[in-house]
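Reader: Hello! Could you take me on a close look at one helix and the partners around it? I would enjoy a connected account.

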Amino acid sequence: MTRAVLFAPIFTLNRPAKVVLEVRRNSPTEMVQKAVEELLGEKAVVTKTAEDLFDLREMAKKSLGRHWVARSPQERDEFVRLFTGMLSRVWVKTLKTGKRITYTGETVGATRATVRTTIALERQGQVHVEYHLLPSGNTRWRVHDVLVDRRSLVTGYREYFDKALAGSTYQDLIWKLRLKEVELSPAAASA
C-alpha cells in the first residue's frame, strides 16, 4: 500500500488538514505466485508472463553493463529479445526442477519489495529464490533481479557477458545467443 499525503484547502482553526490518499498496488507475492502458476501450467505463456513480471529491458541493460552504451537502438532491441528468451528458459528450468514452491515471506516498502520463496528439489535439498521488485506505475510491481541461493541473475549474466566480450566481438556474442535460441526452440527439439 502506498500513501500520499496532500494538504487540502480545508482549514480547521487556521491549520490545513492532512488528507491521506491510499493507492493499492497488487501484492508482490500475489504477482510472483500468479506468474509462477501460469508458467508451470502452460509453455505458450512463458514469454508473455516474463514480459509482464520482469522489467526485461532494464535487466538486459544491467546484464550487458558497460557494453550497453555502445549499442544502437536496434542492437539493444535484439539483445533484449534474446535476453528475454534466455532468462525465460533459465527461470522455467529453475522452477521445474522443484516439486514444491513455498512462499516464505515478503518485504514491501514504498520504493522496493522482496518476495522470498523456497523450491523443494526432486532430489534432496532446496533452492532459495528471492525476487527483487520495484514499483511500475500505481498498481504494479516489476522484477528487476532474481537471487537464486543469494546469487544475482543480473550479476551472473553481466560477468558472463563481460567475459565473452573480453575475447570476442559483440557480433560474435549475438551470433552465439541466436544459435542457442534456435537450438532450444520447440521446432529444433521436435526435429
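Author: Happy to! A crossing of two helices is called right-handed if the near helix is turned clockwise from the far one by less than a right angle, and left-handed if anticlockwise. With that in hand, let us look at helix α4, residues 73–96, in what is a predicted model.

The crossing of α4 with α5 is right-handed. The axes of α4 and α5 (residues 153–166) come within 13 Å and cross at roughly 125 degrees, and the two helices are therefore oblique to each other. On the α4 side, the contact is made by F79, F83, M86, L87 and V90, while α5 brings L153, Y157 and F161. These residues divide into 8 nonpolar, no polar and no charged.

Side chains of opposite charge can pair when their charged atoms come close. R57 counts as partly exposed at 38% relative accessibility, and D77 counts as partly exposed at 43%.

Next along is E78, which meets R178 in a salt bridge of 2.6 Å, N to O. Here the partners are 100 residues apart, R178 lying in helix α6 (residues 170–183) and E78 in α4. R178 has a relative accessible area of 32% and is partly exposed; E78, with 21%, is partly exposed. Through shared partners, salt bridges join E78, R81, R178 and E181 into one network.

Notes
Residues are numbered from 1 along each chain as its sequence is written. This is a predicted model: local features need pLDDT of at least 70, side-chain atom pairs count only at pLDDT 80 or more; totals for chains, interfaces and linings use all residues. Side-chain values use heavy atoms; hydrogens and water are left out. Axes are lines fitted to C-alpha atoms, for helices over the stretch in contact, and angles run from 0 to 180 degrees between N-to-C directions. Helices (H or I, at least four residues) and strands (E, at least two) are DSSP runs, numbered from the N terminus. Angles under 35 degrees count as roughly parallel, over 145 as roughly antiparallel, 65 to 115 as roughly perpendicular and the rest as oblique. Contact means heavy atoms within 4.5 Å. Ala, Val, Leu, Ile, Met, Phe, Trp, Tyr, Cys and Pro count as nonpolar, Asp, Glu, Lys and Arg as charged, and the others, Gly among them, as polar. Buried means under 20% relative accessible area, exposed over 50%, partly exposed in between (1.4 Å probe, protein chains only). A salt bridge is a side-chain nitrogen of Lys or Arg within 4 Å of a carboxyl oxygen of Asp or Glu.
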